[in-house]
Amino acid sequence: ILGLSKKVLLANVLYELISAYKSAANVSVLFVWLYAAAYVLHLYFDFSGYSDMAIGLGRIFGFHFIENFNYPYISASVTEFWRRWHMSLGSWFRDYVYIPLGGNRVSKAKWFRNIFIVWLLTGFWHGASWNFVLWGVYFGILLVLEKLFLLRCLKRLPAVLRHIYALVLVTISWTLFAFTEISKGAAWCKAMLSGVLFDSSSLYLLLTYGPMLAICALAATPLGKRFYEKIGTRLGQRALTVVDCGGLACVLVMSAAYLVSGSYNPFLYFRF
C-alpha cells in the first residue's frame, strides 16, 4: 500500500509537471529547475514505490526481499548515494562483476579499471543507447575521483555543502538518463544557467506544484520515519497497530480514488 501511494499520490502528480515541461514551446530558467526537481523526485518515488510493492507482494507469498532504497537523496557523496540507491542492482554487480575482477584487492590501476567496467556495464544494463553509456561513464569517473581525493576533501566541508555537492551531481546525471538524445540533454543543462529567469507560466507552476515538491522533498528524507517511531514509543504497540491500519486504509482509498479519476501512467522502470 505504501509503494502504491508513492507511485499514485506522489510520482504521478509530479509527472504532470514533467508533462507540462515536455509540451511547452518556450521555457524559463525557473521552469527548467522545476522540471529538474520534479524529475529527480518522480524517478525516486516511481522506482522506490515499484520496489516497495514488489517487496510487499513477495512478503504475502513468503518471500523476503531486501530493501532497494535507503533515502538516497540525503547522501553526502556520490559513493554514499550508490550505497543507498537501487541497492539490489549495486549488490549484484558487486558480487558477480566487481569482486570476480579482483575488487579493490589489486593494483590501483586495475582497481580503477574494475570500477569503470562495472559502471560501463551498469549503463548498458539500462539500455543500448549512448546516453546510458555516458551515464555509466559519468558515475565511473566521479567514483574514481572520490576514491582518489574528493572524499578526503569533502570530509573537511560542512554537512550541508556535502549534501548540495551530491544532489547537484546526481541531478546532472539524471539529465543523461532522461534524454536519449544527448543534444537535448546538453540543451537542458544550458537552459538551467541561461535564458529568461522566469515568466508568468513558470510562476503559476511554482505556485501550483511548489507545495507538492516540498512534500515530496520531505518524504524523501527519514524525517517521517523518525516522527513515526517517536509516536510509536508514546502510544505503545497496540495503539500504534490501530493507527497503522487506519492510516493504511485511508491511503489505499485515496490511491484507488486517484487511479479511478487519473489517466494511465505506467511505472518508469517497466522499460528496463
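Student: How far apart are Arg84 and Glu80 in helix H3?
Tutor: They are 4 residues apart in helix H3 (residues 78–84), so about one helical turn separates them. Helices here are DSSP runs of H or I with at least four residues, strands are E runs of at least two, and both are numbered from the N terminus.

Student: What kind of model and numbering is this?
Tutor: It is a predicted model in which local features need pLDDT of at least 70 and side-chain atom pairs count only at pLDDT 80 or more, while totals for chains, interfaces and linings use all residues. Residues are numbered from 1 along each chain as its sequence is written, and side-chain values use heavy atoms, with hydrogens and water left out.

Student: Back to that pair. What do the side chains of Arg84 and Glu80 form?
Tutor: A salt bridge, at 3.0 Å from N to O. The term means a side-chain nitrogen of Lys or Arg within 4 Å of a carboxyl oxygen of Asp or Glu.

Student: Arg84, buried or exposed?
Tutor: Arg84 is buried, at a relative accessible area of 17%. Glu80, at 21%, counts as partly exposed. Buried means under 20% relative accessible area, exposed means over 50%, and partly exposed is in between (1.4 Å probe, protein chains only).

Student: How many salt bridges are there by this rule?
Tutor: The count comes to 5. One of them joins Asp46 and Lys7, with N to O at 2.7 Å.

Student: Where do Asp46 and Lys7 sit?
Tutor: Asp46 is in helix H2 and Lys7 in helix H1 (residues 2–23), so to speak distant parts of the chain, 39 residues apart. Both Asp46 and Lys7 are buried.

Student: And what about Arg94 and Asp95?
Tutor: Their side chains also meet in a salt bridge, at 3.0 Å, N to O. Arg94 is partly exposed at 42%, and Asp95 is partly exposed at 35%.

Student: New topic. Which residues touch the most other members of the largest nonpolar core?
Tutor: Phe45, Tyr73, Trp85 and Trp174, in a core of 61 residues. Helix H2 (residues 29–60) supplies the largest share of this core, 13 residues. A nonpolar core is a set of buried Ala, Val, Leu, Ile, Met, Phe, Trp, Tyr and Cys residues joined through side-chain atoms within 4.5 Å.

Student: What does Trp174 touch?
Tutor: Leaving out residues up to four places away in sequence, Trp174 touches Tyr39, Val40, Leu43, Tyr73, Phe81, Trp85, Trp135 and Trp188. Contact means heavy atoms within 4.5 Å.

Student: How many aromatic pairs does the structure hold?
Tutor: It holds 34. Rings of Phe, Tyr and Trp (its six-membered ring) pair if their centres lie within 6.5 Å; planes under 30 degrees apart count as stacked, over 60 as edge-to-face and the rest as tilted. Tyr35 and Trp188 make an edge-to-face pair, 5.4 Å centre to centre with 75° between the planes.

Student: Which parts does the pair of Tyr35 and Trp188 tie together?
Tutor: Tyr35 lies in helix H2 and Trp188 in helix H8 (residues 182–191), so the pair ties together parts that are 153 residues apart in sequence. Tyr35 and Trp188 are buried.

Student: And how do Trp119 and Trp135 pair?
Tutor: Edge-to-face, at 6.3 Å centre to centre and 65° between the planes. Trp119 is in helix H5 (residues 108–126) and Trp135 in helix H6 (residues 130–154), 16 residues apart. Trp119 is buried at 10%, and Trp135 is buried at 1%.

Student: What else is in helix H5?
Tutor: Thr122 is found there, and at 3% relative accessibility it counts as buried. Thr122 touches Leu89, Phe93 and Trp135, not counting residues up to four places away in sequence.

Student: How many disulfides does the structure hold?
Tutor: It holds 0. A disulfide is a pair of cysteine sulfur atoms within 2.5 Å.

Student: Last one. Where does Ser48 lie?
Tutor: Ser48 lies in helix H2 and is buried, at 1% relative accessibility. Ser48 touches Lys6 and Phe69, not counting residues up to four places away in sequence.
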